[in-house]
Amino acid sequence: MKKSIITMMLALVTMAGLAQTKTATVTGYSPTLKDGTLVLAGIGISGSVVDTVQSGRFAFTLPVEELSSGFLSLVGEGCPNFSFSLMMKPDVTIKLTGTDCIYPLWKVESPIPEQQTLNRVTEHCRDVIKELIQIVENRDRVKLDSISMELTKQQMDILSSLPVDAASLNVLWRISRMLINMKDFPYVEQLKDLEKSFLARAPKGFEAELAEIHTYIYPPQVLQVGDKAVDAELFDMQGNTHHLLEGMTDGRYLLLDLWGIGCGPCRMAEPEMREVYKRMKDKLEIVGINEDKIPSWKNSDFSKRIVWKNWNDGKMGSSISSRYCDEGSVPYYVLISPDKRIVMKKAGYYTGMFLGLADAINGLSIKQDNSANFELSIRKVEANTNGTTVGFRYYSHKEYGFRIVKDSYLEANGKKYKVTAADGITLDENNYTTVKATDSTEYFLSDLSYIDFTLTFEPFENIPETFDFKEGNGVGAFVIRNISLK
């Protein structure tokens, strides 16, 4: 009797678990698809290979808990390097059919009303989408910008006649985000009119999406280095509310890390950030601000392993990026001092930058502005009548070479002082870091190293309070400013 009851309970638990797994199904067919063509798909921007084409057909399921925006891409002979959006919903099957390999223009059969909205956008823009695909395939960068803008204009033209739903809002959101990096966007007034129309027609439930779009079209003033930091409300993965600047009363620096799940450099940066966070907990707090939608953020394995504060604003990071970021790319880092002043803003990750940042916070480097490249810092200066000797430390992966050109110089009071000698490196040749920077055996982090070297320059005519180091005048040259001699 006990065995029977236990068996029934286990069966019920199993059935309950299966019932909780909701999926959407996608099938596709085109007689021109080659066998072995890979099918990539996912929800949001995170995806993987989900099937391989056989006899022109493919089929797959994706887990979805609610109406979601997904994507599809085919990788194989004749298929364009392109992806297109699909609206997905639990227990719904979407059927794709075509007579060629240009899958973004295939017929999409779906009972989801929001997919019908996307279909209308595609049909209205069919000719320009086809032209855009050809330009991308031919790698014609001269025409790419103009045809992309033409597609944007056609999408805006059709949006005014579409219902306000998750699909049309997503198209408007993508267009409005273009304003972050495009200061001369040619259709601003039309975009403003569209936003007003959507705001007037939108059903309840889209308030957050509309508020985010508004911040892109009417952005607040972006804070710069030296400005006082402003607060914002965010929440953690358990739904608890937090404030951006909470916990800054204990004299610690605060590093804002704006990141996305599909961002490769964000993932590359995590081991070094984790190492620095372990070393610097008493002097540095890190707040990760995710720019993905809530379900993607909560379900990401990468997100779950973050050891510092892992928060979201529910607005794709717009409440922070609109105030702190000069461009709409991730990763983006902002360093805030204990007196709540912005002391560094930086897009992108460079190996060694966080170890260099830790040196600066720990006072191991002398006062200087090397925020453009923390991986290179000045640790000592000796200036006298015989010359000026400057000691550097450079962090990097041990296999990444770096050069210091023989035309490097110091600049003070409008005069230049040339380099006369180098110790520890060879000028105008590739040099490599040699000393392990961590005890970690973790891949990549175990190869993070540093090198200490000195350069000697012509003596200053008059000893200045501050000076600049310039690694020549070439493109991408290192520059460290306001190096203090006090």
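**Entry 1**

I began with Glu-285, which is buried at a relative accessible area of 8%, and I kept in mind that the model I am reading is a predicted one. The side chain of Glu-285 meets that of Arg-252 in a salt bridge, with 3.4 Å from N to O. I then looked up where the two residues sit: Arg-252 is in the loop between strand E10 (241-243) and strand E11 (253-259), while Glu-285 belongs to strand E12 (residues 284-290), so that the pair links distant parts of the chain, 33 residues apart. Arg-252 has 16% relative accessibility and therefore counts as buried, the cut-off being under 20%.

**Entry 1: other salt bridges**

I noted that the count of salt bridges comes to 17. One of them joins Arg-274 to Glu-442, whose closest N and O atoms are 3.1 Å apart. Because Arg-274 lies in helix H8 (residues 264-280) and Glu-442 in the loop between strand E20 (435-436) and E21, this pair ties together parts that are 168 residues apart in sequence. I found Arg-274 partly exposed at 25% relative accessibility, and Glu-442 is partly exposed too, with a relative accessible area of 29%. Through shared partners, salt bridges join Glu-270, Arg-274, Arg-305 and Glu-442 into one network. I also looked up Glu-123, which forms a salt bridge with Arg-126 at 3.3 Å between the closest N and O atoms, and Arg-126 is partly exposed at 28%.

**Entry 2: aromatic rings**

I turned to the rings, where the count comes to 18 aromatic pairs. Phe-235 and Trp-297 form an edge-to-face pair, 6.1 Å centre to centre with 70 degrees between the planes. This pair links distant parts of the chain, as Phe-235 is in strand E9 (residues 233-235) and Trp-297 in helix H9 (residues 294-299), 62 residues apart. Phe-235 counts as partly exposed at 23% relative accessibility, whereas Trp-297 is buried at 0%.

Phe-392 and Phe-453, by contrast, are stacked, with 5.1 Å between centres and 10 degrees between planes. Phe-392 lies in strand E17 (residues 387-397) and Phe-453 in strand E21 (residues 448-457), so the pair ties together parts 61 residues apart in sequence. Phe-392 is buried at 2%, and Phe-453 counts as buried at 3%. Both belong to one aromatic cluster, which includes Tyr-394, Phe-402, Phe-457, Phe-469 and Phe-478.

I also checked charges over rings: Arg-57 lies over the face of Tyr-29 at 4.2 Å from the ring centre, and Lys-416 lies over the face of Tyr-409 at 4.8 Å.

**Entry 3: strand E17 and the whole chain**

Returning to E17, I saw that strand E16 (residues 376-384) pairs with E17 in the antiparallel sense over eight bridges, and that a hairpin of two residues joins E16 to E17. The bridge partner of Lys-380 in E17 is Gly-391.

Finally, I noted that the chain has 12 helices and 23 strands, and that 46% of its 486 residues count as buried.

Technical notes: Residues are numbered from 1 along each chain as its sequence is written. This is a predicted model: local features need pLDDT of at least 70, side-chain atom pairs count only at pLDDT 80 or more; totals for chains, interfaces and linings use all residues. Side-chain values use heavy atoms; hydrogens and water are left out. Rings of Phe, Tyr and Trp (its six-membered ring) pair if their centres lie within 6.5 Å; planes under 30 degrees apart count as stacked, over 60 as edge-to-face and the rest as tilted. Helices (H or I, at least four residues) and strands (E, at least two) are DSSP runs, numbered from the N terminus. Buried means under 20% relative accessible area, exposed over 50%, partly exposed in between (1.4 Å probe, protein chains only). A charge sits over a ring if NZ of Lys or CZ of Arg is within 6 Å of the ring centre and within 35 degrees of the ring normal. Two strands pair if DSSP finds at least two bridges between them. A salt bridge is a side-chain nitrogen of Lys or Arg within 4 Å of a carboxyl oxygen of Asp or Glu.
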